[in-house]
Amino acid sequence: MSQPKSKLLIVLAFFSIYVIWGSTYLLNKIAVMELPPFMLASIRFTVAGILIFGIAKTMGISIKITKKQLLNTMVAGFLFLTFGNGVVVWALKYVDSGFAALEISAQPLVILILMRVLQGKKIQPMSLIGVALGIVGIYLLVSQKQIIAQENSILGMIMIFACMLSWAYGSLFVGKADLPNNYFINTGYQMFTGGIMLFIASLAFGERWSTPNVWSIDVQISMVLLILFGSIVAFTSFNYLLKAVSPEKVATSTYVNPIVALFLGWYFLDEAITVQSVLAAVILLTGVYFINTKKKLVLFSRFNRKQV
C-alpha cells in the first residue's frame, strides 16, 4: 500500500508546486489592489511563520536555534521575503500578474550570472546558450509598447529585476550560511522574521493598516490561500519532492508556473496575452531549460540538506 500512497503524494505535491505557486501571482494581484503591499506581505509571512511553529510543536519538533542561525535566517528572510517578495507584491500594483511571473522565470539566468560575477564560476556552453536566449526573451517581454505605456510599469519591471537579484544573492548566501538543519523550522524563522521586517517597512512607508473584517471577500479568500497554501503547503511539497524525485523533475515548475499565472491572470483579471508575450515566454523558458540541463541545478542551490 505504501507505493500507491507515495505516488499519490507525489502527484498532489506536483499539483501544489505547479498550480498553487503559479496562482500566488493572481492572489497577490487581487489582494494588492485593495491592501497596502508591505502590510499584505507582512501578514502573510508572519502568520505563516507562527503557524509553522505551532505545527512543529504539535509534531514534537524543536524550534530552538542558535543566535548565529537566527541572524542568518533574518538575513535570508530579508533577501527572499522582505525585499524579494514584498517588493514584487508592490510592483504588482503596476504590472500584470502574468507579466511578473514571466519576468521572474528568468531567475536561474540571474543566479548563473551572479555566480560568475561574485564567485568566478565558469558558465558552461549549454548555459551560455540559455543566457543568450534568456536575454532575448526578457527584451521581447519588456519592450512591448502596450506594457511600457502603462503608468509606472517601467518602475515595476525594474523593481522586479531588483528582487531577482536579491533572491539570487540570497541563494548564494544560504549556500554557506549556518542555518537550522530542519528545513521546516528554517522556513518558519525566515517567514516570521521576514514578516516582522515587512511590518517595520510598512510603518516606515506610512501604510494604513486595516482589519480583515473590512476587507472584501475576494481579498479575505486570497489572504487565506496565500498563507495556508502559497506559504506552507507549496513550500512543504517542494521540499518533499526534492527528496522523492529527481531535481530535474522538480525544476519543471519553473516552466509551468508562468503559464499558470498567465492563464489565471487572463481568465480572472482580463489581463492581455499578446503574441509577443507568448513568443517571449517560449524563448525565455527555452533558455531556462538550457540553464537547468546541468547536473547541479543552480535554481535549487538553496534547498540542499542544510538550507531552506
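Predicted model: local features only at pLDDT ≥ 70, side-chain atom pairs only at ≥ 80, totals over all residues.
Residues are numbered from 1 along each chain as its sequence is written, and side-chain values use heavy atoms, with hydrogens and water left out.

I placed S42 in helix α2 (helices are DSSP runs of H or I with at least four residues, strands are runs of E with at least two, and both are numbered from the N terminus). Setting aside neighbours within four places in sequence, I found S42 in contact with G195, L198, F199 and W209, where contact means heavy atoms within 4.5 Å. I then turned to R208, which sits in the loop between α10 (183–204) and α11 and is exposed, with a relative accessible area of 75%. Not counting residues up to four places away in sequence, R208 touches P36 and M39; the C-alpha atoms of R208 and M39 are separated by 8.3 Å, although the two residues are 169 apart along the chain.

**Entry on the nonpolar patch.** On the surface I located a nonpolar patch formed by V47, L51, I217, I221, V224, L225, L228, F229 and V233, which together have about 680 Å² of accessible area. Areas here come from the Shrake-Rupley method with a 1.4 Å probe, and for residues only the protein chains shown count as cover. Patch members have over 30% relative accessible area and no salt bridge, with nonpolar side chains (Val, Leu, Ile, Met, Phe, Trp, Tyr) joined within 5 Å and like charges within 9 Å; a salt bridge is a side-chain nitrogen of Lys or Arg within 4 Å of a carboxyl oxygen of Asp or Glu. Helices α2 (37–58) and α11 (217–244) each supply at least two residues of the patch, and the largest share, seven residues, comes from α11. I checked L228, which lies in α11 and is partly exposed at a relative accessible area of 37%.

**Entry on aromatic pairs.** I recorded 13 aromatic pairs in the structure, where rings of Phe, Tyr and Trp (its six-membered ring) pair if their centres lie within 6.5 Å, and planes under 30 degrees apart count as stacked, over 60 as edge-to-face and the rest as tilted. The pair of W90 and Y94 is edge-to-face, because the ring centres are 5.2 Å apart and the planes stand at 65°. For W266 and Y267 the centres are 6.2 Å apart and the planes at 55°, so I list that pair as tilted. Ring pairs also link F263, W266, Y267 and F268 into a cluster; within it, W266 is partly exposed at 43% relative accessibility, whereas Y267 is exposed at 51%.

**Entry on positive phi.** Most residues other than glycine have a negative phi. I found N152 with a positive phi near 60°, in the loop between α8 (145–148) and α9 (153–174), and D270 with a positive phi of about 60°, in the loop between α13 (253–269) and α14 (275–291). N152 is partly exposed at 34% relative accessible area, and D270 is exposed at 66%.

Notes. Buried < 20%, exposed > 50% of the residue type's maximum accessible area, 1.4 Å probe, protein only.
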